[in-house]
2 protein chains.
Amino acid sequence: MTAEFQIEPRFRANQSGLRLTHEALPANPLSDLFAMTGATLRLARNEELYGEDEPAEYAYQVVSGTVRTCRFTADGQRQIVAFHRKGDVLGLGIGNTHRFAAEAVTDATVLMVRRSAVLAAAARDVAVSRALWEHAAAENARAEEHSLLLGRRSAGERVASFLLDSASRSEDGIVELPMSRQDIADYLGLTIETISRTLTQFERDRLIRMQSARRIGLASGSALKQLARGA
Amino acid sequence: MTAEFQIEPRFRANQSGLRLTHEALPANPLSDLFAMTGATLRLARNEELYGEDEPAEYAYQVVSGTVRTCRFTADGQRQIVAFHRKGDVLGLGIGNTHRFAAEAVTDATVLMVRRSAVLAAAARDVAVSRALWEHAAAENARAEEHSLLLGRRSAGERVASFLLDSASRSEDGIVELPMSRQDIADYLGLTIETISRTLTQFERDRLIRMQSARRIGLASGSALKQLARGA
DNA sequence: CGGCGGCTTGATCGGTCTCAAGTACGGTGG
DNA sequence: CCACCGTACTTGAGACCGATCAAGCCGCCG
């Protein structure tokens, strides 16, 4: 929640440059740009990466941890637009200001690159330009699916979808949730109590097994899928 | 924190240029491509332009009328993702199939161009490539605003936002709605009855004046804006 | 002028929110 | 290692908003 984040001391080129050895990020021109020219920035849990309507000088790629983009409404409610995980790029819209705030859900590490550098690279290199388009189109698809999820679907359907989406990133059937119930609620357009009750109900119905609040085993993926589809 | 989302996102990319006149479509490489190489296609009201999961061979630009993109859920509910009006381009996502169906809300005319031709032009010409990115980014902004609208906002807030968004396309304070109440309901994640009741309430509160069901005068734009923000 | 689709209005129901306690957990210091 | 604390999560009771079910009404086009 700090107002200003300090870029100066950490803002030196990441000259390790080549590949993070373990678990490489998918190779594409955009990721390459970050890997080669990005400066590393560390964020503490709940620290703000940038604020809403702030001039958009940099774009970011998540290296570790989870980042949320969100907006606050007049009446103080928070709505979460998206969660960004390893490899995800954020801050790359059109317009000169960020349309949402970005905050660290957990301690996180991101790479930062000047947006002008990205645009310059795109103007020079069609491959970068295409990667930029693909990134925007993928973001768009994600946003559209999210808006479909919020339009007239029950709490059960939303939570089931969320769990399945989270599960799609893990190998086994165990979902690690880096975010709080409040984060989930603000993402799904529900309240914290409803999230909690719905998960409890899922457990009663043997659809999931909660090893802890943030560690959930999917006992019946197919039943969840059915639920998510609005059966 | 001003009513940023009332600015029609696709107009942003156009702000450098002149004001849209009644006739002219915004001048940009993508529109040029449609204007020069597009074939004209006429659609009757409710006619399908393409279906969900259909191979995506063409992209389209609306010349006249209104087109909706939508999806049908397992339980038969329809959810409308977006309304597309004159100048809007649809069918240009990544992936080989259309992720939604597209149908004519009113009788409509569209231009169609092969997606492969668009991609080829983008690979050749950086200006086209950039236009493609800007289109995707603008669509993304629109989708994100839509998902924010659907997350935990009251019926009044949703309808007020919808009216203001519609009004942003007309000079005077008169909104012409090309779509039915059912269309609006499926777009806002509400029922047809709730739309109707909310509009009636707005009229009672002297926020709007319904000249007919599809022709609505905004009597107090500022009060509506306040409502839309979640006052 | 008659019929039909689209819109409005009314009564009731149900799901989710709200308010209010309780409980488990992770972290910290003794 | 344990006691403590604060935060996060769960659970309960009741209220409220929008959905549902059910008529009516309007306007449009034949």
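1. In this predicted model, a polar backbone atom of A:Ala155 lies 2.8 Å from a phosphate oxygen of DNA strand C, a polar contact being a pair of N or O atoms within 3.5 Å.

2. DNA strand C is surrounded by 19 residues, among them A:Thr194, A:Arg197 and B:Ser196; a residue is near the strand if one of its heavy atoms lies within 4 Å of it.

3. Helices are DSSP runs (H or I, at least four residues), numbered from the N terminus.

4. Helix H6 of chain A (residues 192–204) has 13 residues and reaches 19 Å from its first C-alpha to its last, close to the 18 Å expected, the expected span being 1.5 Å times one less than the number of residues.

5. A:Ile195, A:Thr198, A:Leu199 and A:Phe202 are the buried residues of H6(A), whereas A:Arg197 and A:Arg204 are exposed on the face turned away from them. Buried means under 20% relative accessible area and exposed over 50% (1.4 Å probe, protein chains only).

6. Residues are numbered from 1 along each chain as its sequence is written, and chains are lettered from A and ligands numbered from 1 in the order in which they are written. Local features need pLDDT of at least 70, side-chain atom pairs count only at pLDDT 80 or more, and totals for chains, interfaces and linings use all residues, while side-chain values use heavy atoms, with hydrogens and water left out.

Note on methods. Helices (H or I, at least four residues) and strands (E, at least two) are DSSP runs, numbered from the N terminus. A polar contact is a pair of N or O atoms within 3.5 Å; within protein, one must be able to donate a hydrogen and the other to accept it, and residues adjacent in sequence count only if both atoms are side-chain atoms.
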